[in-house]
Structure formats: structure tokens, C-alpha cells
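Colleague: I have a two-chain model open and some questions about the terms used for it. Can we go through them one by one?

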Protein chains: 2
Amino acid sequence: MPNGKTNYLVGVDLGGTKILAGIFTPGLECVGQMKLSTKPERGPEKVIERVARAVREAVDECDLNLDQVRGIGIGAPGAVNVPDGTVLFAPNLDWKNIQLKKILEKDLDVPVFVENDCKMNALGVYHAELAGKPRSMIGVFLGTGIGAGIFIDGRPYVGFNGTAGEIGHMVIDIDGPECGCGNTGCFEALASRRAIFRTIQTAVKKGQQTLLTEMLGQELTDLRSGDLRKAIRRGDRFVERVIEQAAEYTGIAVGNLINLFNPEVIVLGGGIIEQLEHEMLPIIDKVARKHALSGTANGIEIMATRLGDNAGITGGAVLASRSLPA
Amino acid sequence: MPNGKTNYLVGVDLGGTKILAGIFTPGLECVGQMKLSTKPERGPEKVIERVARAVREAVDECDLNLDQVRGIGIGAPGAVNVPDGTVLFAPNLDWKNIQLKKILEKDLDVPVFVENDCKMNALGVYHAELAGKPRSMIGVFLGTGIGAGIFIDGRPYVGFNGTAGEIGHMVIDIDGPECGCGNTGCFEALASRRAIFRTIQTAVKKGQQTLLTEMLGQELTDLRSGDLRKAIRRGDRFVERVIEQAAEYTGIAVGNLINLFNPEVIVLGGGIIEQLEHEMLPIIDKVARKHALSGTANGIEIMATRLGDNAGITGGAVLASRSLPA
């Protein structure tokens, strides 16, 4: 029944902590959302049930039903086999070879498309926020981990094995801290939420004073990126210094991207940037331009996404829209 | 007079030390060469006269004359404005804004095309050695400095300002040595010929024993990459360790390229690799694959170019051939 009402798109951002589902019009306007916690400890089957529930609830919130949804685009935090929609490896979910597309399609009877979360974020930024205008763009997303999505000549660039953009594992400080990948000095080991929190927790254990312990207790239970912003704005010089350091590392990484890719636009996003853009972006911009070889950064824009937490679900809607037959 | 004899192409590799000109058939077979020293201290005009002389001598060596040359492709060690053939900045020549194309065309009356030397090397490797087969390729060239040429979807990728591939200024060790660019820990400051020679000379000044001083005297006058190979093969553990270290840095840089670009093929070249491939390539390969995120290096080839010193002139012939009307 091809009328306007069957044209809704759903974007799902499946993270290690929460599942966010959004309902979008064909013009990529978000008309409703639903958030559920992920609860990865319950295992993949239960998590996928929760994804389906979040989609159903979001659809219901908008007074729609699933028949009116053309497709679902979902981003997973890890390596994805795009053609068959399998999540190959997602450490934050403790998933290996999970047939996310197949299981969700069986449950919801709607076409499902799966992509790496950072590539999906970049898709949202490139098409919905920048209207596909830059010839080349790299979206860099700082959250629990760090990843990127690359656009070259107006198209996603994924490389030989489909894995291009693993910027979190670019080494920028050989003698730096250990990374989860087994190497040392990766960008992710220096500037991700996990790295920032570890730096703070280690310092607190060694006696560092900070407003964060007043706010959250000595164990810093349930520390979030937003707490860092609050502490800085209340004058916590220690937290400010930690965030400045993370911004400097990010600036070096962005400088490397300018030297290597020379993209027209570099967009920063993810939870860390959403909460700390004001504190970090000026430093990132300055350090990146200092590290870009003379002249190479001319006219290149370094910006933070305005989509915030919605970059992922927006990208999911774009993914579904572009994957479905016209 | 469009017969077979008017179809020769000339490639010129203009370096800080030498000018190499090669004569190529339309099928990219090299039929003759001429080498002159550059003598940059005499100034740009004299250097360009020497380039013209090298071309004339090479043409004469092949019993040809300039009327039989369709075009000349020339690589310069620095930033180039490709459309107008100006060398914007070439520190090893001490050049700024030199109209290389215009001056040479006036002198030789043959169409001239100018490109950055590393991009031209990569052009030679991609088209002449690999027959344009890989979808994506990065050529990394280790000489006095370090640069790269990138191919994506079968075409050179140059980015927004035409400067993509400045891999020499990718920071891989924030706390590393100072680089000529003003930053610290750039790949070029760790693994270029200049960096390797500086490491050796500094150690010798501090009393390090090495066969190199037996070979060349305490001042290491006229030290060349080939001397390092000779010293290693005669059992010099110090030089071996310096080269291993440079190979490890190069492996980390190549690992970063796999994580970021995920190219089908990475080709190494330049004077350092030509002389020390046997010593360095196994280490580069191993370290790169260790730093590539699990699975991302599958099927990716890491190799040294077989074109050796001729990569540049071959690329010059390719550049001329592709820039001329068919």
C-alpha cells in the first residue's frame, strides 16, 4: 500500500549502555524516540528483544504501527558484516557473530540494515546535517571508545576489508598507556571516556582532590561525562587539566587526519564532545592546525556535530533510506 | 608528425642531491637514463638549466631528439601546484614559488607536468608495477624525508587542498624528537634518512663504536644509506639496532594506515627501503600487522617496490602520458 503513511524510517543506536530508537519521516525529521537500557549481561537474545521492544515502543509513541515503517537502520558498537547484517565482534556488548539483521527481521517483519555505530553516526552527520555537501568528510566520535566514519567523493569510504576509519587505534604516543587492543599509545587509550575516567580514578586513588568525589563519593560510582563538565564549571582545575589533555591528544589525532586525508570537513561527536564541546573544541582546533603541515589546513572546517546524541539514530534512518529500493 | 617515433615520454626525478631523467616508450619501457647532481646551492635557475640538460643528454643517449618526445613529467620534493606546475615550497632545494613548468617548457618546447615527488613515485608503482589493479594503494617513500601517494578507487586521492598523503608529519610518538615542521614525534623525525643519520651521528659523538667510522672516518663524511647496509652485513650491531628501530616506527606508521585507510596494498619505497629492504621489510610487516586491529589486515599486501630508484622517473612518464591528450 504505497501511500505516505508507509514511509517512516527507524534509526536505532545500540550502545553498550542504552538502546535509542527514533522514528523519522522520509525527510529525516525525527518525530519520536524511545530509550531503553541495553543490559548486555542478559545475553544477545535478550538484548535483541529489547531492541525490538524499543522500536515497537517508539512506533507506538508516534501513534503508528510497524506496517508504516519501511526499514530500520541500526548501528552496533563493533565490527559489522554489512551485507549479511551480522555483528562480528562487539566487545562492549560481549558479542561475537550475532545475526542481528536476521533475528530482528524475523521478530519485526521489517527490513533491517546494520552498520558500525561510528560509520552510522557519520552517515547521519554527512547527509542530514551537512546535506551531503562536502566532497570529503571525516566524522570522529569520542565515547566509551573512539571511531570514525569517512566520506570521500560524496560516498562512504570503507577500504579493502570494510574497516577503514579505525582511528581509535591510530598510535599517537608509542610510550603511552596500554589499549584494550593489546598495543600502547592508541588514540582511544588517551582520549576516550574510558581513558579519561581511568586517569581520574587512578589519580583519586593516589589522593588527588576533586569536586567529583564530593559529587559522587570516593568510588566515583556512576561517573558520567556530564559530571566532568559540571566539575570544570564549578572550578575543578584537576578535571579541567585532564580534559585539556584529552583535547590535546584529540587535536593531534585530527592534525594527523589533515596531513593524511586532507578532508574538507572534520566533524567531532560522541558523548564526550556532546558534554564537553565548549571545553575541548577550541583546543582541538588549535592543536590540529598546529600539527597540520603549513598550508594543508587552509579552508578545512573542524566542527562539532549539532545532532548530539541523535547522530546515531539519524544515521540509522539515512542508512535504511539509502539501503531500500527507491 | 604523428608516427611511433614521436611518442616517447620523459620522466624526471628532481631530488635535493640528484636529477634523474629517463626516456620511456609509450608502453613505459625505460630505454635510457641520465643522472646529474642537483647543486641546489646555485639557485633555482641553474637547477632548472641542469634539469633541461639532463633531459637533453638522456634523449641524446637514446639517439633521439626532443621532437620525438611527447611530454615530460617531473617530480619535485615539496608542495606543488599541479595545474600551473609551480613548486610552492621545496625545503631541500630551498625553493619557494618556482615556475618549473613554465621555465622548462620555454627552454625545451615540450609539454611539462609537475607533481610532488612521492605522489609521482606512487603513480609509477601503481600504473607501471601493479598495472592499476588494486582498488586502493598507498605508496610510502622513505628518503631524506618521508611522503606518500594514495590511490582510492583506482585514482590518485589528493584531498581538499591537494596535500593528502603527508604521512611524514603523522605524529606517532608525541614525546619523540623534534621535526623540521616544528612539531615533535612526526614519523619523518623518527625514520627518514635524516633522522637515522642524526641518531647515528649523535651516538658516534658520544663515543659509540661503529664500523661506519672505520669506513668513512670519525665525521661520517658522505654517509649514505648503502653504507648502513654494508655495516650491518659486516656485523655492526649498533647500526643494525638503529635500522631495526626505524623499521619498527615504520611498522607503526603502516599499522596506522591500515587502521585508517584499510588499503588493499601498501608499497614501500625510497632510498632507505631500496638499500635496506632485506633488513627492514620483515620488521615493518610484523609490527604493522600487530598494530592493525584484529582482522583488518587480512589479505592486505605490504611490499617493497621493485622499481627502486626508477619509481620516480617511471611515475614521471606515467604522469606525462596521462596528462597529455590521447
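Modeller: What follows takes each term and sets the value against its cut-off. Bear in mind that this is a predicted model.

Colleague: Why is B:Asn262 called buried?

Modeller: Buried means under 20% relative accessible area. B:Asn262 has 0% relative accessibility, so B:Asn262 counts as buried. B:Asn262 lies in the loop between helix H8 (237-261) and strand S12 (265-269) of chain B.

Colleague: What makes B:Asn262 and A:Thr163 a polar contact?

Modeller: The cut-off is a pair of N or O atoms within 3.5 Å. The side chains of B:Asn262 and A:Thr163 are joined at 2.8 Å, so the pair qualifies under that cut-off. The side chain of B:Asn262 also reaches the backbone nitrogen of A:Asn161, at 2.5 Å.

Colleague: Which residues is B:Asn262 in contact with, neighbours within four places in sequence left aside?

Modeller: Among them are A:Tyr157, A:Phe160 and A:Ala164 from chain A. From chain B, they include B:Ser136, B:Leu257 and B:Ile300.

Colleague: How do you know that B:Asp153 and A:Arg155 form a salt bridge?

Modeller: The rule asks for a side-chain nitrogen of Lys or Arg within 4 Å of a carboxyl oxygen of Asp or Glu. For B:Asp153 and A:Arg155, the closest N and O atoms are 3.0 Å apart. That is within 4 Å, so the pair is a salt bridge. The rule finds 2 salt bridges across the interface of chain A and chain B. The count of residue pairs in polar contact between the two chains is 30, with both residues at pLDDT 80 or more.

Colleague: Which element gives the most to the side of chain A that touches chain B?

Modeller: H8(A), with 6 residues. By class, that side has 21 nonpolar, 17 polar and 7 charged residues.

Colleague: How much area do chain A and chain B bury between them?

Modeller: About 3600 Å², with 56% of it on carbon and sulfur atoms. A:Phe160, A:Ile174 and A:Leu260 supply 19% of the area that chain A buries against chain B, more than any other three residues. In contact terms, 45 residues of chain A meet 45 residues of chain B.

Colleague: Now the chain itself. Why is chain A called as compact as a globular protein of that length?

Modeller: Chain A holds 10 helices and 13 strands. Its radius of gyration is 20 Å, close to the 20 Å that the globule rule gives for 326 residues, so chain A is as compact as a globular protein of that length. Buried residues make up 57% of chain A.

Technical notes
Residues are numbered from 1 along each chain as its sequence is written. Chains are lettered from A and ligands numbered from 1 in the order in which they are written. This is a predicted model: local features need pLDDT of at least 70, side-chain atom pairs count only at pLDDT 80 or more; totals for chains, interfaces and linings use all residues. Side-chain values use heavy atoms; hydrogens and water are left out. Contact means heavy atoms within 4.5 Å. Buried area is the accessible area (1.4 Å probe) that two parts lose on being put together, summed over both. A polar contact is a pair of N or O atoms within 3.5 Å; within protein, one must be able to donate a hydrogen and the other to accept it, and residues adjacent in sequence count only if both atoms are side-chain atoms. Helices (H or I, at least four residues) and strands (E, at least two) are DSSP runs, numbered from the N terminus. Ala, Val, Leu, Ile, Met, Phe, Trp, Tyr, Cys and Pro count as nonpolar, Asp, Glu, Lys and Arg as charged, and the others, Gly among them, as polar. The radius of gyration is taken over C-alpha atoms; the globule rule is 2.2 Å times the number of residues to the power 0.38. Buried means under 20% relative accessible area, exposed over 50%, partly exposed in between (1.4 Å probe, protein chains only).
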